[in-house]
Amino acid sequence: TVEPTHLSKPEQLRAWDNAHVWHPFTAMQAYEQEQAPIITSAEGFELIDFEGNRYLDGISSLWCNVHGHRVPEIDAAIKAQVDRVSHSTLLGLSSEPSIELARRLVERAPAGLTRVFYSDSGATAVEAALKMAFQYHRQKGNKPEQRDLFCTVGNAYHGDTIGSVSVGSMELFHRVYGPLLFRTLSCPSPQTLRRPVGFTAEGYREFCFAEVERIVAENASRLAAFIIEPLVQGAAGILVHPPGYLRHVREVTRRHGVPLIADEVAVGFGRTGTLFACEQEDVSPDLMCLAKGLTGGYLPVAATLATDEIYSAFLGDPSEGRTFFHGHTFTGNPLGCAAGLASLELFERNKVLQNVASNSLKLRERLSVLDSHPHVAQIRQKGIMVGVELVRDRETLTSFPSERRTGHQVTLAARRRGVIVRPLGDVAVLMPAPAMPGELIDRLCDVFLESIDEAT
Ligand code: PLP
């Protein structure tokens with residue numbers, strides 16, 4: 001243990017951080033040199049570090065914060081719940097906030113989703129959906145032994161547990177775990193920027209739509225489910241799907257009797273302009289995964305929503321073994337559910353979706369100067385999700401050398417200017433909170449543009 005008593009409090013914390021904390025998705029050797037801020041408090045949309053420096057939260061604390069930090073209504077709801085009970089199990093018992101939140105989610109969710117299964121993160125919401133789909137077929141008796149495959153879309157990211165990694169297809173994150181994963185079919189990601197040679201952009205889009213039809217039709221009797229990030233593949237670099245792609249996947253899967261899992265973990269709760277992204281293509285999935293913004297970004301509560309059709313396959317006398325033997329200690333935690341209820345109320349009261357609409361226009365206008373930037377290959381945006389792909393040469397799409405860590409340099413340049421962002425490889429990302437006021441979006445854009453110039 002490091003006991004550097006001669007150090008000031010911030011220096012001491014930094015030394016202990018470097019000695020003991022293993023940060024997620026973080027290149028630790030480089031991290032130790034970087035003097036990352038140690039956050040001690042927050043106000044509105046700013047995070048404040050130990051030295052009192054303020055940082056605008058440009059990535060909503062990893063895509064989850066909705067209404068800002070220390071929101072009086074959410075703080076009060078959590079405090080009131082602490083005065084009643086902080087945690088009691090949902091295994092065979094219930095709690096008031098978990099019931100109320102389930103009712104509100106079902107009211108707002110796409111038609112047909114009537115059951116809410118709680119967990120605690122995006123990955124666990126996906127894991128539950130995969131196991132539900134798999135078990136559903138076994139209990140429906142329709143050639144169950146053959147429903148042992150999932151279908152995904154290339155570049156997908158659905159979380160870090162072994163099941164969610166199995167249906168993911170991001171080489172960088174997933175390659176090393178290959179031997180541990182179950183086999184998954186993959187439809188080509190309908191992205192035209194780096195399409196295979198010989199295709200026009202339109203021709204490649206058509207090919208991708210046709211591949212969904214072919215792969216699902218050829219494997220329908222073996223597919224347990226098709227999983228998709230609706231409208232936008234987030235972690236792959238804010239890859240926006242062509243209009244109609246989600247609806248096409250729904251139409252094909254429905255025609256072939258394959259359940260559809262919509263992973264709304266990143267896109268849910270307003271980020272694409274509607275409360276849920278599925279609404280924009282009038283899609284009702286069979287299972288829907290929610291996390292991140294579900295509690296306004298306050299606490300780890302997630303949910304997997306299911307239709308009556310799926311749920312009813314798990315009913316029967318206990319001796320029949322149809323129970324879903326799955327769940328976590330903190331499943332449906334009452335503090336998190338109370339925060340979720342307060343957050344949903346604020347969506348209405350503060351007209352958050354209207355704010356998202358005006359901020360997405362503002363982002364589009366402010367970032368349009370990058371259209372002619374020599375090191376910008378593409379600006380991708382859906383609602384308030386933004387990815388700017390940085391390249392050494394925009395004509396040939398040649399990447400910067402990986403050791404240059406250009407995306408990371410944008411992060412460091414922005415941090416020096418009092419803004420927190422986090423890249424996805426060489427894609428610089430903005431993910432402001434849905435309720436962020438327009439003047440802060442302007443400040444975010446000012447710093448983002450300067451930081452891209454400095455890093456490239
Ligand atoms: N699914 C999607 C679409 C995501 O973007 C993420 C995280 O970014 C996850 C699942 C995993 O969520 P969590 O990090 O809460 O496990």
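User: Before we look at any helix pair, what does an angle between two helices refer to here?

Analyst: Axes are lines fitted to C-alpha atoms over the stretch in contact, and the angle between N-to-C directions runs from 0 to 180 degrees. Keep in mind that this is a predicted model.

User: Okay, so how is a packed pair described?

Analyst: Two packed helices are described by the angle between their axes and the distance between the axes. Take helix α4 (residues 72–82) and helix α12 (residues 334–349): they pack at about 150°, with axes 8 Å apart. Angles over 145 degrees count as roughly antiparallel, so α4 is roughly antiparallel to α12.

User: What is the handedness of the crossing of α4 and α12?

Analyst: Right-handed.

User: Which residues of α4 and α12 meet?

Analyst: From α4 you get E73, I74, A77, I78, Q81 and V82. They meet P334, L335, A338, A339, L341, A342, S343 and L346 of α12. By class, that contact has 11 nonpolar residues, two polar and one charged.

User: Now the ligand. Which residues around it come nearest?

Analyst: Out of 14 residues around the ligand, the nearest are G122, A123, G159, V265 and A266. Helix α6 (residues 122–140) gives the largest share of the shell, three residues, and G122 sits in that helix. The shell divides into seven nonpolar, five polar and two charged residues.

User: Which residues does UniProt list for "binding site"?

Analyst: The unreviewed UniProt entry lists G122, A123, D263, H328 and T329. They're spread over 208 residues of sequence, and in space by up to 22.7 Å between C-alpha atoms.

Terms used: Residues are numbered from 1 along each chain as its sequence is written. This is a predicted model: local features need pLDDT of at least 70, side-chain atom pairs count only at pLDDT 80 or more; totals for chains, interfaces and linings use all residues. Helices (H or I, at least four residues) and strands (E, at least two) are DSSP runs, numbered from the N terminus. Angles under 35 degrees count as roughly parallel, over 145 as roughly antiparallel, 65 to 115 as roughly perpendicular and the rest as oblique. A crossing is left-handed if the near helix is turned anticlockwise from the far one by less than a right angle, and right-handed if clockwise. Two residues are in contact if their C-beta atoms, placed from the backbone, lie within 7 Å. Ala, Val, Leu, Ile, Met, Phe, Trp, Tyr, Cys and Pro count as nonpolar, Asp, Glu, Lys and Arg as charged, and the others, Gly among them, as polar. A residue is near a molecule or strand if its C-beta atom, placed from the backbone, lies within 6 Å of it. UniProt positions are given in the numbering used here, feature names are shortened, and annotations may be inferred rather than shown by experiment.
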